[in-house]
Amino acid sequence: MKRVRLFALLLASALFVSTIPVTGASAAQKVSEQESVIVKEDNQAAAKPAAVKLGWVKKGNSWYYVTNKGNHTGWAKINGRYYFFNNEGVMQTGFLKNNGKWYFFTTAGYMKTGWEKVKGKWYYFDPARGNMKTGWVKSDGHWYYLDPSGAMAHGWRKVDGKWYYLGDGGAMYKGPHVYKIDGVYYFFESSGALTTKTGIQISDMGNPFYTNSNGTVVTNKEINGKIINAEGIAVNKVNDVMDQKAQWYDSDTKYLVLANLSEHELRVYQGRKGEWTRIKGSWEFSCGAPATRTPTGQFKLCWKYETEYGWKRFEKCKAAYCYWTTAGFMLHTILYDKYSEGNPEYADIADDRLGMNISMSCIRLALEHARWIYTNIPHGTRLVVYE
């Protein structure tokens, strides 16, 4: 009986001990598995690459623009400006040819538009697209010519068989106008081309010039009934001294008035500078007294007294057909009684002296002459007063 109990006790102990390794092995295995998982996760965290920097990135001496897809290539608009990146993503600077067109990028990389000076030469890039322009370009109201290289031209250029001149600033000389180049006068037409015509041409200043077929202006000569001065202005040659003098003046209207104070003689001309024809005169007049001399110079007839018959009352008399000049004196009739009204032909005369220096600087004319000027000569007509 005791042997049976002892055997049972030993068997139970053996069974109990045999279960310990199994339980311990399972736990160790689980710990080991847990540790391997942690290591694995730690290894993954350590192997994960750093976050990629987006936007502008400098590598060495080159700039790149990085997006989620990598280095950008080709055109890019960044903060309102255009950039270009080559196939490797490198930002481009200087001149670049793309799809047959030239562009220019600054050292900061952005595309230029408008005028840009590069190595001492001016170039023009389309304000909207940025491509470099060649040939004729209009900028700020002036025409410029850009050579095939794109550089701004200066001096003489022959374009489509016609000669043009580009000034120091590159702007084309405008016409119709005469310019002095290297001591020679040339006439350029309204298109800017050098004229090829022979004969009289009128400049934008109203001056007549006699030109040769090579564009030069004739100077210091008499040719085909014209007198040509040192500046090339050509006027009709006439025998009368006063009529010849008139030829050198211009006017904003088709009329011109000359008054010779020394001779008290007034004449009216029609035409244009260099081709004036006398249509009225010579008319006698009185002018300013020694203390109130009539001014000499070039003036304009500017304002008519708008009362009936152009009457103006002075302190002791009146005058009719009063026409103000820009010099502040008037052309008007002889003097009448200060109470005169209506048609001056029936007014009482106060002073009808002509050919004398007696006025307060005004030019006094006979009634019919003052009336003709008042009625026919428009505002803006040139009045030349000389001695």
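1. Strand E2 (residues 62–67) and E3 run antiparallel, joined by two bridges. Thr67 has Gly70 in E3 as its bridge partner. Strands here are DSSP E runs of at least two residues, numbered from the N terminus, and two of them pair if DSSP finds at least two bridges between them.

2. A quick word on provenance: this is a predicted model, in which local features need pLDDT of at least 70, side-chain atom pairs count only at pLDDT 80 or more, and totals for chains, interfaces and linings use all residues. Residues are numbered from 1 along each chain as its sequence is written, and side-chain values use heavy atoms, with hydrogens and water left out.

3. Back to the sheet: it is open, has three strands in the order E1-E2-E3, and its pairing is antiparallel. Strand E1 (55–59) and strand E3 (70–71) sit at the edges, each pairing on one side only.

4. Most peptide bonds are trans, and most residues other than glycine have a negative phi.

5. The Gly175 to Pro176 bond is cis, with omega near -5°; Pro176 is in the loop between strand E13 (162–166) and strand E14 (177–181). Gly281 and Ser282 are also joined by a cis peptide bond, omega about 10°, and Ser282 belongs to strand E23 (residues 277–288).

6. Asp182, not a glycine, has a positive phi of about 50°. Its loop runs between E14 and strand E15 (184–188).

7. His264, not a glycine either, has a positive phi of about 50°, and lies in the loop between strand E21 (255–260) and strand E22 (265–270). Is His264 buried or exposed? At 14% relative accessibility, His264 counts as buried, the cut-off being under 20%.

Technical notes
Helix = DSSP H or I, 4+ residues; strand = E, 2+ residues; numbered from the N terminus. Buried < 20%, exposed > 50% of the residue type's maximum accessible area, 1.4 Å probe, protein only.
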